[in-house]
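Reader: Could we go through the charged pairs and the surface of this protein step by step?

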Amino acid sequence: MNKTVTTKSGLPASGLNISAMRASIKSGAREYGLLISLLCIIAFFQLSTGGILLEPLNLTNLVLQNSYIVVMALAMLMVIVAGHIDLSVGSVAGFIGALAALLMVQHEVSYPAAVVLCIAAGAVIGAIQGYWVAYWNMPSFIVTLAGMLVFRGLTIMVLEGQSIGPFPEGFVGLSSGFIPDFFASQNLRLTSLMIGVLLGLAFLIVEIKARARANTHGIAQGSMLVFVLKNLVLSGLLIYVSYLLATYRGLPTVLMIMGVLIAVYTFVMNRTVLGRRVYAVGGNVKAARLSGLHTERITFHTFVNMGMLAALGGLIFAARLNSATPKAGTGFELDVIAACFIGGASASGGVGKVMGAVIGAFIMGIMNNGMSIMGIGVDYQQVIKGIVLLAAVFVDVYNKNKG
């Protein structure tokens, strides 16, 4: 006779396996809910726009339009994880664009030298603001609000209320250039496609090695099914996007810059002592200080880093416009901060992931792009974006209260 194997709780083993699988799937859905949300938003706007969203030309524009937001969101994530905020990033980006125009257009400084000087200026700005926050315990909200006003005014002063341009062709390529194709093909940029395939395979290898390393050290891992599905979807999406871009003009230069920065900041936040210390300071600054961490120095460094990437974002935006304008950077801080919160960062600090901020930035960008294609007015777009941001923060607060 066949016997039904039961557990101590009296449930059949098969039922227990099904329950465990359901629990694992629910856990995976919570962990990768943001990615699922992104895919759903892409599918919705792809259908609503009649397929225009994922056309190669529109996809290229989507990358170019959101590149500077993604770049600044990487640094903003570190600031938010450390328990602070930076409202000045938009004004700093605009000021650095004005400074770049002053150097390259009016004083004819070579663009490589001008880029280095501008990023150094961004670091100095971040250091000035970080000094007051870290060593004088001034609220970052107030310090950076003051910085937002100061650098907006300085931008207008430097430009004397007028736009300055155009920039040198080499500098403009920072935002509008593409990876050159080394193969003689008219309809498909094979070099860009090969880079996309290699990046997709490299991503799979890194994830598999990371899971194997975690298993070796006895670190609990999630469901293998969820792990496989997630990584196949991500790598497949990466290769598919590369293919679409390769059918137009190839991979934009700024996309490669973003990719390098995302990889570097993911490594820093997940695998380095500095990253762990930033999470510790944001999680409980008093406990971190009692543990011997130089919390002031860590906070100071996060603001210096924010200044540097705000400068890079400003340079990318100026290169895209091919001019510096007094209004450049207006509202950038809202999109950057919203990207981090939508991406799962906690308003109280200590929580947040680099990929979450990147996905959050693209969720905002795809919503902007999709609603514009659909003909939805800017007024309604602002309302919808505000509701999405509020919902993201609500989920964070709800999960904390539930826990």
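Reader: Is Lys385 buried or exposed?

Author: In this predicted model, the relative accessibility of Lys385 is 11%. Because a residue counts as buried when the value is under 20%, Lys385 is classed as buried.

Reader: With which residue does Lys385 meet in a salt bridge, and how many residues apart in sequence are the parts tied together?

Author: The side chain of Lys385 meets that of Asp335 in a salt bridge, with 3.7 Å from N to O. Asp335 belongs to helix H14 (residues 332–342), whereas Lys385 belongs to helix H16 (residues 378–402), so the pair ties together parts whose separation in sequence is 50 residues.

Reader: Which helices are tied together by the salt bridge of Glu207?

Author: Glu207 pairs with Lys230, and their closest N and O atoms are 3.3 Å apart. Since Glu207 lies within residues 190–216 and Lys230 within residues 224–246, the parts that this pair ties together, 23 residues apart in sequence, are helices H8 and H9.

Reader: What is the distance between the closest N and O atoms of Arg289 and Glu296, and how many salt bridges does the count come to?

Author: Arg289 is partly exposed at 41% relative accessibility, and Glu296 is partly exposed at 29%. Their closest N and O atoms are 4.0 Å apart, and the two form a salt bridge. The count of salt bridges comes to 3.

Reader: What is the area of the nonpolar surface patch that includes Val124?

Author: Val124, placed in helix H5 (residues 111–135), is partly exposed, with a relative accessible area of 48%. Together with Ile128, Tyr131, Trp132, Tyr135, Trp136 and Met138, Val124 makes a nonpolar surface patch of about 710 Å².

How values were computed:
Residues numbered from 1 in each chain as written. Predicted model: local features only at pLDDT ≥ 70, side-chain atom pairs only at ≥ 80, totals over all residues. Heavy atoms only, no water. Patch = residues over 30% accessible without salt bridge, like charges linked within 9 Å, V, L, I, M, F, W, Y side chains within 5 Å. Areas by Shrake-Rupley, 256 points an atom, 1.4 Å probe, with all protein chains shown as cover. Helix = DSSP H or I, 4+ residues; strand = E, 2+ residues; numbered from the N terminus. Buried < 20%, exposed > 50% of the residue type's maximum accessible area, 1.4 Å probe, protein only.
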